[in-house]
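Hi,

Here is the structure you asked for. Please open it and read along with the notes below.

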Amino acid sequence: MSKIGFGLVSLTKRSRIKEQEPVFYDRGLLFLVLALIAFGWVMVTSASLPVSEKLYNNEYYISIKHAVFIIVALVSMAIVLFFRMEWWQRFNMELLFVAIVLLVAVLIVGSTVNGSRRWLPLGIFNLQAAEVAKLFFFSFLAGYLVRQHEQLRENVIGFAKPLAVFMILAILLLMQPDLGTVIVMFVTTVALLFLAGAKIWQFIALIASGLLAISSLIILEPYRMRRVVSFVDPWADPFGSGYQLTQSLMAYGRGGWSGLGLGNSIQKLDYLPESHTDFIAAVIAEEIGFVGLSILIFALGWLVYKILNIGRLAMEKSQHYNGFFAYAIGIWIAFQAFVNIGASAGMLPTKGLTLPFISYGGSSLIIFSVAIAIVLRIDFERRALERSEANE
């Protein structure tokens with residue numbers, strides 16, 4: 001056989017092998033999330049040593065518990081990967097109903113911590129129903145935007161229906177109270193409605209109404225008003241309403257460019273409250289400095305970019321539900337990270353929101369991991385569709 005013949009046979013074999021290659025998930029996205037989770041464990045361990053020793057007489061108690069949450073989160077991620085996106089789209093109404101039931105159950109039998117009733121005691125750990133509600137509401141919203149896309153663009157009723165559902169969830173959340181989650185859901189809802197093609201005047205009216213409602217909620221609640229006042233000038237009352245923010249700003253100031261070194265934070269030594277949860281960004285800034293925190297922000301930004309790009313590619317393949325759901329998850333992660341870091345740095349009023357994949361908290365870590373599994377599944381199904389089209 002001639003050399004040309006051998007070349008054609010070899011080329012044919014390589015082509016067949018290529019066609020038989022499995023469809024991979026976005027491994028870059030997966031590795032990035034795993035790296036963030038691993039980094040989060042390191043920082044939770046460092047930030048929680050003093051409080052663990054004080055509360056549990058074991059400086060590694062919170063670290064060990066967080067490690068268990070990581071295992072549960074990874075197992076949950078692996079399981080959810082097998083759920084077809086068709087399942088999420090088919091049962092999005094039922095998932096919304098589950099979210100409402102959980103929020104009602106919290107108000108009835110939930111446990112109260114720091115004046116807020118947000119957790120359902122499950123024995124092994126406390127489930128924060130608001131985290132589940134966010135994911136299930138975004139699943140419903142993506143489904144609604146697909147079902148009622150024309151109505152949304154043509155009349156006010158189609159625009160108002162998802163907002164009515166949001167209001168029900170918002171009322172239940174404010175009864176806990178949990179204004180932070182309401183704001184995250186509101187921003188994500190507004191962004192998705194805009195991406196779905198809502199009219200500009202509707203978009204502007206919605207933002208204006210939202211700002212008015214949030215301002216009213218702040219003014220009517222004295223503790224929220226104190227947070228806003230302390231945010232404007234935390235040094236006016238450094239040992240009262242501005243205590244948490246001033247301690248956080250001290251951590252940022254101590255860290256400088258390169259930080260004091262991993263494990264060497266001073267503010268975590270019973271000075272900065274919630275140092276391993278809401279204010280973990282301040283400990284990160286203190287221990288590994290501006291450079292380290294900037295790298296973390298870049299990693300989170302890259303993660304959001306990859307998620308939004310997966311949503312865009314799904315939309316191009318007419319997988320509209322998948323695309324809207326990916327958009328919602330990307331916006332959710334971006335805004336929550338922005339609020340968490342912004343609040344700890346004094347750029348925004350203090351809110352009880354975790355830093356995605358970094359802060360201590362089982363509910364947050366598990367739900368965010370499930371959300372990433374959904375994004376990976378969206379990308380997998382889009383790649384599978386492209387492969388099938390290429391083979392036809």
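In helix H6, Ala 130, Lys 134, Phe 137, Phe 138, Leu 141 and Leu 145 meet Thr 181, Val 184, Met 185, Thr 188, Thr 189, Leu 192 and Leu 193 of helix H9. Contact means heavy atoms within 4.5 Å. By class, this contact has 9 nonpolar, 3 polar and 1 charged residues. Ala, Val, Leu, Ile, Met, Phe, Trp, Tyr, Cys and Pro count as nonpolar, Asp, Glu, Lys and Arg as charged, and the others, Gly among them, as polar.

This is a predicted model: local features need pLDDT of at least 70, side-chain atom pairs need 80 or more, and totals for chains, interfaces and linings use all residues. Residues are numbered from 1 along each chain as its sequence is written, and side-chain values use heavy atoms, without hydrogens or water.

Helices are DSSP runs (H or I, at least four residues), numbered from the N terminus. The axes of H6 (residues 129-147) and H9 (residues 179-195) come within 11 Å and cross at roughly 15°. Axes are lines fitted to C-alpha atoms over the stretch in contact, with angles from 0 to 180 degrees between N-to-C directions. H6 and H9 are therefore roughly parallel (angles under 35 degrees).

H6 also crosses H14 (residues 320-344) at roughly 140°, with axes within 8 Å. Among the residues in that contact are Phe 138 of H6 and Trp 332 of H14. The contact divides into 10 nonpolar, 4 polar and 2 charged residues.

Now look at H2 (residues 27-56). A kink of about 55° lies at Ser 48, shortly before Pro 50. The bend is the angle between axes fitted to the seven residues ending there and the seven starting there. Just after H2, Asn 57 takes a positive phi of about 60°.

Best wishes

Note on methods
Helix = DSSP H or I, 4+ residues; strand = E, 2+ residues; numbered from the N terminus. Parallel < 35°, antiparallel > 145°, perpendicular 65-115°, else oblique.
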